[in-house]
Amino acid sequence: PAVRAKLGQYPAVTFLVVATGPAEAGIGMIDSRLEDAYYLAGIAAARTTRTRRLGFVGPHLHAQPIRFANAFLLGARRVDPRIALEVRWLGSWFDAGPADAQGRHLEERLTQQLVASGCDVIAHNLDSARVVIEVAREAAAGRRVFSLANNTVEQCDGAPTSCIGTTTRQWSAMYARLFDTIHQGQFKTGQLLVDGIRVDRAQS
């Protein structure tokens, strides 16, 4: 709504919104195929697990994180069709409330549940590193468990032995191509542009 309100006020400005659509006239919408990364993460998880039981902590129960969880499982089952995925939903992008009496936030408690149920590789699609942190605690306590981070490579820095990778977007190459078309006057609004992993890593 805020962007729509400015369209008439700044007709010469190109407005870009990171969203999954639907596309709107006057607004350029862009997104990435992060499910590509979750598919590859599933392959990595399948090559790491011994229990054949993976975990996933998602934010809200809606199409995008469901797509990511499905891609994670499909990647894993490409390696081993017997693998199962157990999912927990946080209900938000991160737990903004206070920690419990044990100092754990909801992300960490959900991670504990997954570990207790036998999941030994846990991925997430949240805006905090708490899943990675809790898995690192479980690993330090002697359990053979691993995590897959989300959004930033730096999430693994605090868990170098238990975090096996991250699903993240590298926007720079897409932005460079997009801004080039805008500067050349070739960009058209009212469309959803989606980019994913490419063979050339520099362009991916």
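First, the ground rules. The model is predicted, local features need pLDDT of at least 70, side-chain atom pairs count only at pLDDT 80 or more, and totals for chains, interfaces and linings use all residues. Residues are numbered from 1 along each chain as its sequence is written, and side-chain values use heavy atoms, with hydrogens and water left out.

Now the layout. The protein chain has six helices and eight strands. Helices here are DSSP runs of H or I with at least four residues; strands are runs of E with at least two; both are numbered from the N terminus. From that end, the order is α-β-β-α-β-α-β-α-β-α-β-β-α-β. The C-alpha trace spans about 60 × 40 × 25 Å along its principal axes.

Next, the sheets. Two strands count as paired if DSSP finds at least two bridges between them.

Look at β3, residues 53-58: six bridges join β3 to β4, and the two run parallel. V57 has R88 in β4 as its bridge partner.

The other open sheet has three strands, ordered β1-β2-β8, again with parallel pairing. Its edge strands are β1 (15-18) and β8 (192-195), each pairing on one side only. Here the twist averages 25° from one strand to the next. β1 pairs with β2 (residues 27-32) over four bridges, in the parallel sense. Within that pair, L16 stands opposite G28 in β2.

On to helix packing. Two packed helices are described by the angle between their axes and the distance between the axes. Axes are lines fitted to C-alpha atoms, for helices over the stretch in contact, and angles run from 0 to 180 degrees between N-to-C directions.

Take α2 (residues 34-46) and α3 (residues 63-79). Their axes come within 6 Å and cross at roughly 40°. That makes α2 oblique to α3. For the cut-offs: under 35 degrees is roughly parallel, over 145 roughly antiparallel, 65 to 115 roughly perpendicular, and the rest oblique. What does the contact of α2 with α3 divide into? It holds 13 nonpolar, two polar and three charged residues. Nonpolar means Ala, Val, Leu, Ile, Met, Phe, Trp, Tyr, Cys and Pro; charged means Asp, Glu, Lys and Arg; the others, Gly among them, are polar. Contact means heavy atoms within 4.5 Å. Among the α2 residues that meet α3 are Y38, Y39 and I43; on the α3 side they include F68, F72 and L74.

Now α4 (residues 106-116) with α5. They pack at about 50°, axes 8 Å apart. They are therefore oblique to each other. This contact divides into four nonpolar, two polar and six charged residues. From α4, E107, E108, T111, Q112 and V115 take part; R130, V131 and I133 are among the α5 residues they meet.

Finally, that arginine. R130 is found in α5, residues 130-140. Leaving out residues up to four places away in sequence, R130 touches D95, H105, E107 and E108. What lies 2.8 Å from a polar atom of the R130 side chain? The backbone oxygen of D95.

Key
Polar contact = N/O pair within 3.5 Å; in protein donor to acceptor, adjacent residues only side chain to side chain.
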